[in-house]
Amino acid sequence: SDAHPKLRIELDLSNTYVDLIEQRIDVAIRAATGPLPSRDVVARHLAVSPRVLVGSPTLLARMEAPSTPADLDNLPCLGQGTLARSRDWVLQDARGHRLALPVRPRFAADNIIALREAAIAGLGLAILPQHCCHEALVDGRLQTVLPNWTPEPADLHALYPSRAGVPPSVKALVAFLRERFAKEATMQPIS
């Protein structure tokens, strides 16, 4: 704000992939566990966001807590996406064994905050970014489930339309975000 007093910001908190050029968006922040869908944009890696499988103490007391990933099939889960098209859960153990588990969610949302609140309310287990649920884990509103199995982390990227003629405001925002995420205890900085 003080460093860039003429900077104007319009914030759109959508998880929908957008055409940056058509919608005149200077920069988008995207979290992805796989390849980014478009090669038409420049992607600057900002940080790695560890994720965690969580559930509310109320839910875990009501139902037997899972001891293996196979047990998740019998528990209510929350999905990112829609009920019809929710993302599979990919978990990895300490030896590097990976499991992709199809999820049939009882509740789905494309908003991480909504998923966190649904998990706290006891609607089901959820995979959440650690930075989103850290406080709820510390104060006991959420608990880690299957601590020996880790969800794949998400890579955070800044996306913008072109390398040529990048506005100084975009360069400043990307530099600020990289610096900020590097200092965040719940993020893994990039080298």
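This is a short tour of the structure above, one selection at a time.

Before you click, note that this is a predicted model, in which local features need pLDDT of at least 70, side-chain atom pairs count only at pLDDT 80 or more, and totals for chains, interfaces and linings use all residues. Residues are numbered from 1 along each chain as its sequence is written, and side-chain values use heavy atoms, with hydrogens and water left out.

**Stop 1: the cores**

Select L53, L72, W89, L91, L125, V145 and L146. These residues have the most contacts inside the largest nonpolar core, which has 15 residues. Here a nonpolar core is a set of buried Ala, Val, Leu, Ile, Met, Phe, Trp, Tyr and Cys residues joined through side-chain atoms within 4.5 Å. Buried stands for under 20% relative accessible area, exposed for over 50%, and partly exposed for anything in between (1.4 Å probe, protein chains only). Now colour α1 (57-62) and β5 (89-93), the elements that give two or more residues to this core. Helices (H or I, at least four residues) and strands (E, at least two) are DSSP runs, numbered from the N terminus. Apart from this core lies another, of 14 residues, including V52, A119, L128 and C132.

**Stop 2**

L146 is buried, at 6% relative accessibility. Which residues is L146 in contact with, leaving aside its neighbours within four places in sequence? They are L53, P66, S67, T68, P69 and L72, where contact means heavy atoms within 4.5 Å. Check the backbone too: L146 is not a glycine, yet its phi is positive, at about 50°.

Next, jump to R24 in the segment before β1 (28-32). R24 also has a positive phi without being a glycine, near 55°. Is R24 buried or exposed? R24 is exposed, with a relative accessible area of 76%.

**Stop 3: β3 against β8**

Show β3 (residues 51-55) together with β8; the two strands pair in the antiparallel sense over 4 bridges. Strands count as paired if DSSP finds at least two bridges between them. To find your place, look for R51, which stands opposite P129 in β8. Then follow the side chains of β8 (residues 126-129): A126 and L128 point one way, I127 and P129 the other way, and all are buried.

**Stop 4: salt bridges**

How many salt bridges does the structure hold? There are 5, each a side-chain nitrogen of Lys or Arg within 4 Å of a carboxyl oxygen of Asp or Glu. Pick E152 and R98, whose side chains meet at 3.7 Å, N to O. This pair links distant parts of the chain, 54 residues apart: E152 is in the loop between β10 and β11 (154-160), and R98 is in strand β6 (residues 98-101). E152 counts as buried at 16% relative accessibility.

Move on to R95 and D93, which form a salt bridge at 3.9 Å, N to O. R95 is exposed at 70% relative accessibility, whereas D93 is buried with a relative accessible area of 11%. For R116 and E117, the N to O distance in the salt bridge is 3.0 Å, and E117 is partly exposed at 38% relative accessibility.

**Stop 5: F181**

Finish in helix α4 (residues 168-183), where you will find F181. F181 is buried, at 17% relative accessibility. Leaving aside neighbours within four places in sequence, F181 is in contact with L46, A47, L156 and M187.
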